[in-house]
Amino acid sequence: MFGITGDLARNKLLPAIYDLANRGLLFPSFSLVGVGRRDWDDGAMRDYVEKWARAGARTPWRGTTWEQLAAGMRFVTFSSFEDDDAYQRLTGVVEDLDASRGTAGNRAFYLSIPPGWFPAVTERIARSGLVERDERSWRRVVVEKPFGHDRASARELDELIGRIVRPDDVFRVDHYLGKETVQNILALRFANTMFEPLWNQRYVDHVQITMAEDIGIGTRAGYYDTIGSARDVIQNHLLQLLALVAMEEPTSMDAAAVRAEKEKVLASVRLERDGVLDLDATTSRGRYAPGYQGGTAVKGYLEEDGVAPDSRTETFAALRLEIANRRWAGVPFYLRAGKRLARRVTEVAIVFRQPPFLPFNDAATAGIGANTIVLRIQPDEGVTLRVASKVPGTQMELRDVTMDFGYGAAFNEESPEAYERLILDALLGDAPLFPHQREVDLSWRILDPVIEHWSASGPPRDYRPGSWGPEDAHDLLAREGRAWRRS
């Protein structure tokens with residue numbers, strides 16, 4: 001694990017590895033080799049891993065589990081990622097584990113490092129002997145988003161990783177795809193007869209995909225100010241959600257079959273509306289201004305520590321997309337993501353058309369809206385179905401009601417943390433939840449023109465903390481007689 005001392009490893013990866021071991025899902029021979037610049041021995045690494053695994057574990061702490069896991073932990077000190085001698089030491093440690101722990105030459109490289117270090121690391125791994133294989137062992141690479149900052153850099157990244165493993169052995173982590181509700185999208189659609197016949201342009205009016213946070217960037221300015229909201233979450237999280245919602249039924253749940261259907265959708269996505277490309281009318285961006293949120297004074301984006309005073313990075317982004325195929329022709333998909341919004345929520349809302357005829361008078365139907373299926377991804381995982389129903393009484397009055405399914409209430413078992421599922425699948429070589437290179441490339445094909453347009457435009461528009469973004473984001477829907485859900 002390159003980057004074992006980083007925030008991601010401390011808060012997510014190390015607790016997930018312990019929980020996997022505690023659930024009996026890791027082989028007894030599993031070994032973890034940490035790579036970093038700390039002057040540690042193996043014991044110091046074990047103390048570090050124990051501290052953060054205890055702090056973040058979702059399963060009870062068991063001494064026997066920890067002792068078995070800790071026995072396979074090693075640390076290799078790197079003065080830098082360009083330290084050639086350190087790669088030779090790393091090779092020796094890994095080969096020793098093959099002999100002493102029975103790891104049999106199987107190796108997964110978790111590159112939890114800034115993308116700028118990928119050239120140095122992949123070049124040295126390639127020539128160190130770490131990736132030489134035989135027919136009985138495997139080599140895999142796990143990388144975190146962002147997968148490049150545009151289409152060209154994403155392709156360059158794939159070329160770099162191609163130095164050490166085959167394309168099918170690259171596991172790109174989008175942790176949202178490990179969440180239960182995201183996986184449940186496919187179950188909801190393809191395991192139930194009642195939904196799939198309605199899942200098309202004849203019945204669906206539009207789809208909204210929202211990822212809202214009620215916090216600012218915190219201490220992440222060094223990362224965030226070079227990326228922005230669109231690159232940070234729309235290119236990966238939200239376009240992956242779009243693909244899962246809009247894809248055709250796969251022939252199986254094998255990675256290749258699921259991937260093929262997602263790629264078809266992403267290849268069909270269009271930014272045009274009625275055949276005309278007008279990005280001023282189909283996109284919106286903004287950044288949070290100083291103000292009050294929840295009664296507390298908060299900084300504006302430009303006042304955050306580490307943000308350049310002339311920054312043009314957006315903290316809110318929204319897009320209107322269409323899918324050029326028979327199922328979805330004419331159905332707009334609205335995507336939005338932002339920080340310092342009204343509340344924290346990630347959801348997909350499928351909004352249906354109004355009935356062609358209502359045999360009720362206008363007064364009776366004044367209180368109803370459109371039927372909606374809401375897939376709640378966080379924080380309250382579940383599904384909500386909104387339908388119209390009669391209000392009890394002597395008058396015919398209709399009102400919207402909801403039928404709700406929540407994971408916490410429906411199942412006694414707590415959902416595993418997303419990284420548990422993703423780490424285990426990477427070790428097993430099971431790839432349905434990992435975007436393939438072709439999916440990443442198609443996602444950048446969609447987003448690149450938007451980023452280029454914004455870079456040639458003025459700065460993002462300010463919006464009030466605790467709101468739902470800048471006014472022109474509402475215009476994306478209002479000009480078509482629609483409105484964002486207040487979630």
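## Chat about a predicted model

Me: Let's start with Leu241, is that residue buried or exposed?
Reply: Leu241 counts as buried, because its relative accessibility is 0%, under the 20% cut-off. Keep in mind that this is a predicted model.

Me: Which element does Leu241 lie in, and what does Leu241 touch?
Reply: Leu241 lies in helix α9, residues 228–246. Leaving out residues up to four places away in sequence, Leu241 touches Val182, Ile185, Ile209, Val348 and Ile377.

Me: OK, rings now. How many aromatic pairs are there?
Reply: The count comes to 14 aromatic pairs. Take Tyr18 and Trp61: their ring centres are 4.4 Å apart and their planes sit at 15°, so the pair is stacked.

Me: Where are those two in the chain?
Reply: Tyr18 is in helix α1 (residues 7–22), while Trp61 is in the loop between α2 (42–56) and α3 (63–70), so the pair ties together parts 43 residues apart in sequence. Tyr18 counts as buried at 0% relative accessibility, whereas Trp61 is partly exposed at 25%.

Me: Which pair is edge-to-face?
Reply: Tyr288 and Tyr301 form one of that kind, at 5.9 Å centre to centre and 85° between the planes. Tyr288 is in strand β8 (residues 283–288) and Tyr301 is in the loop between β10 (296–298) and β11 (316–323), 13 residues apart. Tyr288 and Tyr301 are both buried.

Me: Which residues do ring pairs link into a cluster?
Reply: Phe2, Phe78, Phe81, Tyr87 and Trp117.

Me: On to backbone geometry. Where is there a cis peptide bond?
Reply: A cis bond joins Gln378 and Pro379, with omega about 0°. Pro379 is in the loop between β14 (372–378) and β15 (382–390).

Me: Then what's the phi of Asp274 and of Arg340?
Reply: Asp274 has a positive phi of about 55°, and phi of Arg340 is near 55°. Asp274 is in the loop between β7 (269–270) and α11 (279–282), and Arg340 is in the loop between β12 (333–338) and β13 (345–352).

Me: Are these two buried or exposed?
Reply: Asp274 is exposed, with a relative accessible area of 70%. Arg340 is buried, with 14%.

Me: Last one, Gln293. What does that residue touch?
Reply: Asp214, Val298, Arg340, Leu341, Pro465 and Gly466, again not counting residues up to four places away in sequence. The Gln293 side chain also reaches the backbone oxygen of Asp214 at 3.4 Å. Gln293 lies in strand β9, residues 291–293, and counts as buried at 13% relative accessibility.

Definitions and conventions: Residues are numbered from 1 along each chain as its sequence is written. This is a predicted model: local features need pLDDT of at least 70, side-chain atom pairs count only at pLDDT 80 or more; totals for chains, interfaces and linings use all residues. Side-chain values use heavy atoms; hydrogens and water are left out. Helices (H or I, at least four residues) and strands (E, at least two) are DSSP runs, numbered from the N terminus. Buried means under 20% relative accessible area, exposed over 50%, partly exposed in between (1.4 Å probe, protein chains only). A polar contact is a pair of N or O atoms within 3.5 Å; within protein, one must be able to donate a hydrogen and the other to accept it, and residues adjacent in sequence count only if both atoms are side-chain atoms. Contact means heavy atoms within 4.5 Å. Rings of Phe, Tyr and Trp (its six-membered ring) pair if their centres lie within 6.5 Å; planes under 30 degrees apart count as stacked, over 60 as edge-to-face and the rest as tilted.
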